[in-house]
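Colleague: I have not looked at this one before. Can you walk me through it?
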Amino acid sequence: MEESDIEQVSLSLLDAANDRNPVVQEQVRKSILTLGKQQPDKILSMCQDYLVKHPKLATGHRVIILQTLELIVQFKIDEISYKKIKSIISLASDEMTRSKEVVADWQQAASSILVAVGNRYINDIMEEILSKFQPGVLPHLFVVQTLASLSESNVYGMVPFLNAILGTMLPMLSMTKQDTMKCIFASALSRFSESILEYLANLDKAPDPTVRKDTFSSEIYASYDILFCNWLQSRDPKLRLTVAEALGSMSHLMAHDKLEEQLPKLIPAVVSLYKKNSEHYIISKSLCQVLEASVNMGSRLLETQIDGLLLTLHQEVCAPVDYSNPPTVKNHNEVLRCFSILANTFPDRLIVFVLQKLENNNERNRMGSLAVLRHLINSSTSLMETKKLIILTSLRQPLSDQSNKVKKMVVQVISAMAHHGYLELEGGELLVKFIVHHCALPDTLNCGRHPLDPEDVTNESLRSICENTLHLFTTTVGRLTDVLWPSLLCYLTPAQYSNATTPLCKSLILLGNKKKASQEPNYIINFSEQASLPSPYVLMIRLLVNAAFPFRGRGRGAPSLRLLCVLSPSIHPNIQKVWETEIPPLLSLLEESTLESLNTRSWEDSLLELLSKTLVAISNDRWSCQLSSEATHYLPTYNSSLEEKSFLYRCIGMTLQLCNSQDAVRKQLQEVLVAARHADAIERTGVAVGVGLCAARHLGDTLAKLEDFSKSDAFKKASGIFGLLKDKNEVDIEKVKSTLILCYGYVALHAPPDQLLSRMDSNILKGINKHFNTKVLGIKVETKVP
């Protein structure tokens, strides 16, 4: 593009910069900036000339051009000529101070140019600014604002000037009458103090490493005296907060004896602001800085303030936190920092205070106490080391709290404890149990209504948090591996944890594979030495039943099958190869299926075939007998759906089919028939299918047991008192008879063809005829022709 073309385009853009459409304004700004990056001196000159030639330009138009100037300076400061830098400084200074009245957008835009230049040319900027910051004369508001911004953006460049600036500023404070100007001075003192503190904290990088805190202490204390004694009492809430913020920063630079002298007045004064202002973040920040300065110098007077401080801080930390409102979040974090600072000096008193508050059943009090406890566990690790056992003990009470909000905080505390070695201690297992228990929460029944309380924690939300926490324990907290493996297996079999099966299986798979990869000896679980664990027989049956209904429990089928593979060498050494061969195709089928597309009966048959191949591979009659026995004993405690229980009966039948012990077969059949809930049609069918599968290999024993069962007390009518129970008892007997007849039907279905005919008349039909007058409830009996 030719030089004249650039000028023409630039002028057109400068004219268009005041377009009413904000989108157009932004596009113009970007276009001028693009040209400025290519020829910074040229475009800067054109912007300057435009402003000079149009002194009555609309303020908004002027602001856009000044903002564009600032961007060009920011991006191309090293390519702009020194001569042009000097003229830019002069222009910006003039634009900033031309009007004595405050025109914030215009003056802020000019000030921002000076700050941008000051990051590279601080001496030239200070020469210009200090010419307008003279002793005995109140400066323009934005001169002070610019000095404050410079101290923030260029710490190392500004601190060498600050002693002189503070000396000049001090008399100005007494001259200032307007609240707006007082706010600017207080804000500047706050930023100056922060800048000095940053400089002193990084002396190794500073241009003058001989700078010391006491260089500024005298002027800072004199300024503090004016702010604390006069300005802090203002009725203007903005000024009070700005002064409070400044006092917090300045406290670090005051001489120790002066700060010690002021503490009995300063701390109560800052604390009292909580009642006078709705915005608390600045107050908490200031209080935190005062406490930090006091602790750093080893204050002896702080102890006299501790009781009142703890009460105030606890009240503040219990306030609701609105995460859509950043100041409330910042305030909460600052209050927690106050607790950390006090913990360094008063650890015992602080812990006793927090744990006592934890006993309070009030929801907000308990949540606040838990927030403090979590913060201290994370931030004061060494101080908390000797407090671990008392904290573990004290946490038992909130574990039983019914509020989901409190439970969420408890989970966060447990997560912090896990990373710092609490869960390995005695009592830590209760915290793991709490997490697992809430991984099994049912869905919230809210009828589709949205909660009115923004802090409300639904069951789904709490459950998800606990699942994520359990996963983090498994993957990121290495020290917990031996705490969780294999103890998490305890939660796979009790009915109350059935909804937690998926996250439990996933965690156990990760833990087991980690153990296996590291070749750790305890990868193989010795169940006989760990009485607290469920038996391998019950575990195997439980996981197979889970797999039979793979899309329930948030997709528990695939994790259950994968966990079987991980546990195979622990369950029995002979089954590892079988499961490594048979289970992957089942997993592939699940990945390709949905709840609607999976053929349920075919899928269950595949799992029963897996069970059959497993028992054949084990080839140990005692093992098969034990498996069927424990599965039968597991039935009464199995409170999941009837369909799942029905499949469990099929598993028992398949196991008995492959068992060689007649006594074991008869005993288990007796227990199955007696324990069944005959009133339920699905369970009747499950029992009958199981008995039928057993008959496929043990026809004689099965028929004998059915005959014995038909003569048992289950078929005897109870007279009751004056016959009052007669009707109910007769109905119950009818249902037991229905089960018996259905059992005969499935025995006929599964019996070996070469044995069926000889048994049909003498046993099966005879057994059915005894109860032929009963109404068979909801039964369809299949028969087969040999």
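Colleague: Is Gln519 buried or exposed?

Modeller: Gln519 has a relative accessible area of 72%. The cut-off for exposed is over 50%, so Gln519 counts as exposed. Bear in mind that this is a predicted model.

Colleague: Where is Gln519 found?

Modeller: Gln519 is in the loop between H26 and helix H27, which covers 536-548. Its phi is positive, about 55 degrees, although Gln519 is not a glycine.

Colleague: Which loop holds Arg554, and what is its phi?

Modeller: Arg554 sits in the loop between H27 and helix H28 (557-571). Its phi is positive too, at about 60 degrees, and Arg554 is not a glycine. With 35% relative accessibility, Arg554 counts as partly exposed.

Colleague: Switching to prolines. Is the peptide bond from Trp485 to Pro486 cis or trans?

Modeller: That bond, Trp485 to Pro486, is cis, and its omega is near 0 degrees. Pro486 belongs to the loop between helix H25 (481-484) and helix H26 (501-517).

Colleague: On to helix packing. At what angle do H4 and H6 pack?

Modeller: About 10 degrees, with the axes of helix H4 (residues 59-76) and helix H6 (residues 104-118) 9 Å apart. That angle is why H4 is roughly parallel to H6. The crossing of H4 and H6 is left-handed.

Colleague: Which residues in H4 and H6 meet?

Modeller: From H4, the residues include Arg62, Val63, Leu66, Leu69, Glu70 and Val73. From H6, they include Asp105, Trp106, Ala109, Ile113 and Val117. By class, the contact of H4 with H6 has 10 nonpolar, four polar and three charged residues.

Colleague: And what about H11 and H12, how do their axes cross?

Modeller: Helix H11 (residues 214-229) and helix H12 (residues 237-250) have axes that cross at roughly 150 degrees and come within 10 Å. The two helices, H11 and H12, are therefore roughly antiparallel to each other. Their crossing, H11 with H12, is left-handed.

Colleague: Which residues of H11 and H12 meet there?

Modeller: Ile220, Ser223, Tyr224, Leu227 and Phe228 of H11 meet Val243, Ala246, Leu247 and Met250 of H12. That contact of H11 with H12 divides into eight nonpolar residues, one polar and no charged.

Colleague: Stay with Tyr224. Is it buried or exposed?

Modeller: Tyr224 is buried, at a relative accessible area of 0%. It lies in helix H11. Tyr224 and Ala246 are 22 residues apart in sequence, and their C-alpha atoms are 8.4 Å apart in space.

Colleague: What is Tyr224 in contact with, leaving aside neighbours within four places in sequence?

Modeller: Tyr224 is in contact with Cys229, Leu247, Met250, Met254, Gln262 and Leu266.

Colleague: Where is His252 found, and is it buried or exposed?

Modeller: His252 is in the loop between H12 and helix H13 (256-276). Its relative accessibility is 15%, so His252 counts as buried. Not counting residues up to four places away in sequence, His252 touches Leu197, Lys213, Gln289, Glu292, Ala293 and Asn296.

Colleague: Last topic, the core. How many residues are in the largest nonpolar core?

Modeller: The largest nonpolar core has 261 residues. Those touching the most other members are Leu227, Leu287, Ile414, Met417, Leu423, Leu488 and Leu561.

Colleague: Take Ile414. What is it in contact with beyond four places in sequence?

Modeller: Ile414 is in contact with Leu395, Leu399, Leu423, Leu431, Phe434, Ile435 and Phe473.

How values were computed
Residues numbered from 1 in each chain as written. Predicted model: local features only at pLDDT ≥ 70, side-chain atom pairs only at ≥ 80, totals over all residues. Heavy atoms only, no water. Core = buried A, V, L, I, M, F, W, Y, C linked by side-chain atoms within 4.5 Å. Buried < 20%, exposed > 50% of the residue type's maximum accessible area, 1.4 Å probe, protein only. Contact = heavy atoms within 4.5 Å. Axes fitted to C-alpha atoms, helices over the stretch in contact; angles between N-to-C directions. Helix = DSSP H or I, 4+ residues; strand = E, 2+ residues; numbered from the N terminus. Parallel < 35°, antiparallel > 145°, perpendicular 65-115°, else oblique. Left-handed = near helix turned anticlockwise from the far one by under 90°. Nonpolar A, V, L, I, M, F, W, Y, C, P; charged D, E, K, R; others polar.
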